[in-house]
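Here's a quick tour of a protein model. Have the sequence and the coordinates open while you read.

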Amino acid sequence: MNDIEQEIRSTWIPAFESNPSEDKEKFYINVAFPYPSGAMHVGHGRTYIVPDIVARFWRMRGKQVLFPMAFHVTGAPVLGIAKRIAKKDEKTMQLYGGLYRVPQQTLDSFTDPIVIVNYFADEYERVMKQLGLSIDWRRRFTTIIPQYSKFIEWQYTHIYGQGKVQKGEYPVRYCPACDQPVGDHDLLEGDSAEVKHFVFVKYQFDEFFIPTATLRPETIFGVTNLWANPEVTYLKADVDGEKWIISAEAAEKLRMQKHTVTELGTIPGTDLIDKAAQHPLTGAPVPILPASFVDPDMGSGLVMSVPAHAPFDYIALRDLQQQGKYQTISPITLVTVPDYGKVPAQEIVEKNRIPNQDDPRMDELTQELYNAEFSKGKLNENCGSHAGKSVRQAREDVTNEFVDTRGSIIFHEMSEKRVICRCGNRVYVKILDDQWFLNYADPEWKAEVHEQMPKIELVPPEVRAEFERTVDWLKVWPCTRRVGLGTRVPWDPKWLFEPLSDSTVYMSYYTIAHKITKIPAENLTPAVFDYIFLGKGNGSGLPVDAATLAELRSEFLYWYPYDYRFSAKDLISNHLTFQLFHHRAIFPDELQPKGMVVFGMGLLNGMKMSSSKGNVFLLEDAANEFGADTVRMFLVGSAEPWQDFDWRNELVLSVKRQIERMWQMVLDASSATGTAAIDAWLLSRLQHRVEAATKALAAFQTRQALQEAYNGIVSDLAWYRRRLPEGSSGTAALTEVMSVWIRLMAPVIPYTAEKMWQETGHEGLVSFAAWPVSDPAKVNESVEVSEELLQRTIEDIQSILKLVQIEAKKVTLFTAPAWKHAVFSIVASAEDKRNVVKTVMADADLRAKGKDATDAAVQTVKLIHSLPPELVSSIAAGVDETAIFTAAKAFLEKESGLAVEIIAADTTTHPKGKMALPFKPAIVVE
Ligand SMILES: [Zn+2]
């Protein structure tokens, strides 16, 4: 098999090199390119296999298809890997030497990051070829070649010129160990965490201030006390010229957020307990109480308590009061919210019978109340001039008041603590002022992208809301780094573009990637790209000759815009939306992206796949163990692309057997000759399969397509064989069926399909054969209806035989009389089936049948509900059941093993005869 695969591959690779064609319509698809820092696992596989199936399908349908691939090697992660390998870090050595099986000698050279990315880029290409991906490999590049860097410089010259890249002061996720901002791709853990913005409300305490971090500054009107952790030693510190009491952790975070912090001494938490601070608005004493839930690594390490509205505060106070302490403190309400009583926090805690502050439900209850108050709450009479405002409005007003007139600061904190950089260290929030940012917050830019959105086809359509939300939600994005691989910022070369920012319009670069590498990078000035991509100027007077430029321009215009981009759904919130912003900023209307297909995730035996946790199955191992076609068919057949799939070896094995079964059936069919009555049925069914599989693939429904193209045809062939005359193992019709079947399956199992195509005497590659088209002349509804009647009747006979305990000898079929067919037609055509009995009884002949007609009408309604609509209309059009059964008498006898008698129900007095309905003969077994 491997030798044959290799031989097929060697014919494919040049065949998939795709050039502009004068007489073919183009179809350009692309995938989010991989970052080759490790081996591919089966979770990655589907991301490339689905687009390949789509590419192969449209190629067979006569389009000029482009499916390119490149490797994204920008950024710092690979530097970290190289460093860890140089240090012989045990976990890294195990991952690369063990799981990824990099030979020792190669591993020794991995101290050079370029060696790592080149090694894995080659590995990726090799495995992608093994999987049969129909990629034009001439266009492969990495994002650090000089020509690509020139392209990025050109892109950013435009974006910067439009004022969309700015220098500013912004909080960003930051790894102090790497001394770099970190993007989602740099994180080992915590990629769903966000930066939260707290207000520090300060309470005077002797000559100090105690700042408390809050997301709800309007609750200042309900503060009854502060909380301090008696087990924490706090710092006395000078912060920006004021004396503060804060945790050591807070001091460190403040430093990262551009505050000047000088330590003056320490104070144990116990020294704060039972003292009083001063309320910033009223000057009233606010007692400081002990609480174990106060985390020194959260905010300032001290907390203001609002027991009427914060479940944690309520329960901590309740716990103390149950011990007989602090009896004089009672919750002060400040918000009224519908569906909650006077003291919402008390209500929600008591209703849920929360025993203590360590209860796991506390976070959820806190969030629930927080959301209810934020969306529907109004401030009450305790809130001075803010009384009557919505919580939303009051929060904004109180924040401004504290920041503008009371010297409060905004303190930034990650929403989760376990946000871990690839280097293994924790990620914090840092304020950068020397950093370059892409201003995705620019309202005009956002508006342009929003305007573009409805013109983009999204698959599945449900992801549209997430795209729209992301466009709204995106803020400024730090787009540069100090270290790593990549392109230097042309106007500030101490910076490099980070990975998510240098990969937004590279789909355009693919169109010329194989030709531009022949041009020296220094000649690729912005004016050259302006000509190629934007058509500016006439191509003369540039450092590249006019003929070459014209060729590049025309190739770009042939392929662009791209038709579909494929990616996993976790990239909607960054990459997939970024590329829409950049396309909108750079390219004209007619070159904007046309469509995107977004994928679900891969599981391994029900668990999320993760290389760092070792829960992966390498794609290459899968291809070696099961064969490339099996891997492909499993990955696209077990779920639709946007659903999650679960890799389980035992299920994969059954797919392997399905392919072998098809192979055997194709071989068997090659010796079939002659004709049979059932041929017409088989060919008619085949037309429906072709139509349904085509429709499914055009809609990217790979699973549905396989249901038709594999399971559907297998079951049709099984029935066909049952209906062949005694002694026949197949007819010449099979030649046509197999030719169609091989082509329908070719996008999914291309290796097997090529072999079967050759074996069955076809010339050329099936990969370029014409996709089957259903032929309406071969559709034969009446034959299909007769076979359907036989299938259903045999199933009914067999289920009766299972039920009856007697040794049966004979089966009698009573077929429904003509008047019941009349009832069927009336019911079938009735719009409202509820009043259908009346309609039936309006017919004088039927009314004469009395209760028999009413009963038949009611039973027919039930029957029609259980039948597919196309079948109902065929039956209503008239079916001669007696003739069908009579013609198939020998078949029925063979299948049931019994003597069969067919009797028209209106010619018998047998009581069972009354039960016969159209398409549902009464069956008597005796
Ligand atoms: Zn780091």
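What follows goes from the whole chain down to single residues.

**The chain as a whole**

This is a predicted model, so a few ground rules apply: local features need pLDDT of at least 70, side-chain atom pairs count only at pLDDT 80 or more, and totals for chains, interfaces and linings use all residues. Residue numbers start from 1 along each chain as its sequence is written.

The protein chain comes to 34 helices and 31 strands; helices (H or I, at least four residues) and strands (E, at least two) are DSSP runs, numbered from the N terminus. Its C-alpha trace spans about 110 × 80 × 55 Å along the principal axes. Of the 926 residues, 44% are buried. Here, buried means 20 or more other C-beta atoms within 10 Å of a residue's own, exposed means 12 or fewer, and partly exposed is in between, with C-beta atoms placed from the backbone.

Take the contacts between residues at least 6 apart in sequence: 75% of them join residues at least 24 apart. A contact is a pair of residues whose C-beta atoms, placed from the backbone, lie within 7 Å.

The domain assignment lists domain 1 (199-414), domain 2 (660-779) and domain 3 (794-925); such bounds come from an automatic or database assignment. Between the C-alpha centres of domain 1 and domain 2 there are 71 Å.

**A three-stranded sheet**

An open sheet of 3 strands runs in the order β30-β29-β31, with mixed pairing; strands pair if DSSP finds at least two bridges between them. β30 (899-904) and β31 (922-925) are the edge strands, and each has a single partner, so one side of each lacks a neighbour in the sheet. From one strand to the next the twist averages 20°. Axes here are lines fitted to C-alpha atoms, for helices over the stretch in contact, and angles run from 0 to 180 degrees between N-to-C directions.

Strand β29 (residues 810-815) runs parallel to β30, and 6 bridges join the two. One spot to look at is Lys810, which stands opposite Ala899 in β30. Helix α34 (residues 889-896) packs on the sheet and touches β29 and β30, its direction making about 130° with that of β30. Helix α27 (residues 781-803) lies across β29 and β31, at about 40° to β31.

**Helices and their partners**

α27 has another partner: its axis and that of helix α23 (residues 679-698) come within 9 Å and cross at roughly 105°. That makes α23 roughly perpendicular to α27, the label used for angles of 65 to 115 degrees (under 35 is roughly parallel, over 145 roughly antiparallel, and the rest oblique). On the α23 side, Ala680, Trp681, Ser684 and Arg685 meet Val783, Glu784 and Glu787 of α27.

Ala733 sits in helix α25 (residues 733-745). Leaving out residues up to four places away in sequence, Ala733 touches Asp679, Leu682 and Leu683. It counts as buried because it has 21 C-beta neighbours inside 10 Å. The C-alpha atoms of Ala733 and Ala672 are 8.3 Å apart, though 61 residues separate them along the chain.

Now for helix α8 (residues 248-256), where Ala250, Ala251, Lys253 and Leu254 are buried. Looking down the axis of α8, these buried residues fall within an arc of 165°, so they line one face of the helix; the arc is taken from the directions from the helix axis to the C-beta atoms. They pack against β9 (233-239), β10 (242-246), β11 and β19 (428-439). After α8 comes Lys258, with a positive phi near 65°.

Gly265 lies in strand β11 (residues 261-268). With 8 other C-beta atoms within 10 Å, Gly265 is exposed.

Most residues other than glycine have a negative phi, and most peptide bonds are trans.

| Cis peptide bond | Omega |
|---|---|
| Val459 to Pro460 | near -5° |
| Tyr560 to Pro561 | about 0° |

Pro460 belongs to the loop between β20 (457-459) and α14 (464-473), and Pro561 to the loop between α18 (546-559) and β24 (564-568).

Two non-glycine residues have positive phi: Asp179 at about 55° and Tyr326 at about 50°. Asp179 is in the loop between β3 (165-175) and β4 (180-181), and is exposed, with 11 other C-beta atoms within 10 Å. Tyr326 is in the loop between α9 (311-322) and β15 (335-336), and its 15 C-beta neighbours inside 10 Å make it partly exposed.

Methods
Contact = placed C-beta atoms within 7 Å.
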